[in-house]
Amino acid sequence: LIRRLLRGKGLDYNLAAVSSQVEYQKPVTADFTVSAALPDAEQVTIFLNKLKEKGKASITLEAHIRQGEEQALYYRGIYVAFPK
């Protein structure tokens, strides 16, 4: 998602995960769905502005794995974009 965001803005940076947290809430034993999204527009704007001003910036992503209506896994990761 971050790479797509950057490419959509014509930007080319390295990305690194600097922190992650996973909460396993239920075993996944059948078909499942994964959803992930960028943070709200304000946080994305802050991220992009920091990249322009300082040449590097961090952003947090969250993802969820659901099996049916039940959440099975929650993921939160902090990623840093920095020059190539």
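Strands β1 and β4 pair in the antiparallel sense, and 10 bridges join them; here two strands count as paired if DSSP finds at least two bridges between them, while strands (E, at least two residues) and helices (H or I, at least four residues) are DSSP runs numbered from the N terminus. The structure is a predicted model, in which local features need pLDDT of at least 70 and side-chain atom pairs count only at pLDDT 80 or more, whereas totals for chains, interfaces and linings use all residues. Residues are numbered from 1 along each chain as its sequence is written, and side-chain values use heavy atoms, with hydrogens and water left out.

**The sheet**

- Four strands make up an open sheet whose order is β1-β4-β3-β2, with antiparallel pairing.
- The edge strands, each of which pairs on one side only, are β1 (14-24) and β2 (33-37).
- From one strand to the next the twist averages 20 degrees, where axes are lines fitted to C-alpha atoms (for helices over the stretch in contact) and angles run from 0 to 180 degrees between N-to-C directions.
- Strands of a sheet pair through backbone hydrogen bonds, either parallel or antiparallel.

**Strand pairs and the hairpin**

- Strands β3 and β4 are joined in the antiparallel sense over 11 bridges, and T60 stands opposite I78 in β4.
- These two strands, β3 and β4, form a hairpin with two residues between them, and G68 in the turn has a positive phi of about 65 degrees.
- Strand β2 pairs with β3 (residues 57-67) in the antiparallel sense over five bridges, and the bridge partner of V34 in β3 is I65.

**Helices**

- Helix α2 (residues 41-54) lies across β3 and β4 (70-82) and runs at about 145 degrees to β3.
- R3 is found in helix α1 and is partly exposed, its relative accessible area being 31%; buried means under 20% relative accessible area, exposed means over 50%, and partly exposed lies in between (1.4 Å probe, protein chains only).
- Not counting residues up to four places away in sequence, R3 touches Y13 and L15, where contact means heavy atoms within 4.5 Å.
- The C-alpha atoms of R3 and E53 are separated by 19 Å, and the two residues are 50 residues apart along the chain.

**Salt bridges**

- A search of the whole structure finds two salt bridges, each defined as a side-chain nitrogen of Lys or Arg within 4 Å of a carboxyl oxygen of Asp or Glu.
- One of them is formed by the side chains of K84 and D12 (3.1 Å, N to O); this pair links distant parts of the chain, with K84 in the segment after β4 and D12 in the loop between α1 (2-8) and β1, 72 residues apart.
- K84 counts as exposed, because its relative accessibility is 62%.
- The side chains of E70 and K26 also meet in a salt bridge (3.1 Å, N to O), and since E70 lies in strand β4 and K26 in the loop between β1 and β2, the pair ties together parts that are 44 residues apart in sequence.
- E70 is partly exposed with a relative accessible area of 43%, and K26 counts as partly exposed at 35% relative accessibility.

- Q71 has its place in strand β4 and is partly exposed, with a relative accessible area of 24%.
- Leaving aside neighbours within four places in sequence, Q71 is in contact with Q25, K26, H64, I65 and R66; the C-alpha atoms of Q71 and K26, 45 residues apart along the chain, are separated by 7.3 Å.
- Q67, which lies in strand β3, counts as buried because its relative accessibility is 18%.
- With neighbours within four places in sequence left aside, the contacts of Q67 are P27, V28, T29, A30, D31 and F32.

**A nonpolar surface patch**

- V28, F32 and V34 make a nonpolar surface patch of about 270 Å²; patches consist of residues with over 30% relative accessible area and no salt bridge, with like charges joined within 9 Å and nonpolar side chains (Val, Leu, Ile, Met, Phe, Trp, Tyr) within 5 Å.
- Accessible areas come from the Shrake-Rupley method with a 1.4 Å probe, and for residues only the protein chains shown count as cover.
- V28 is placed in the loop between β1 and β2 and counts as partly exposed at 39% relative accessibility.
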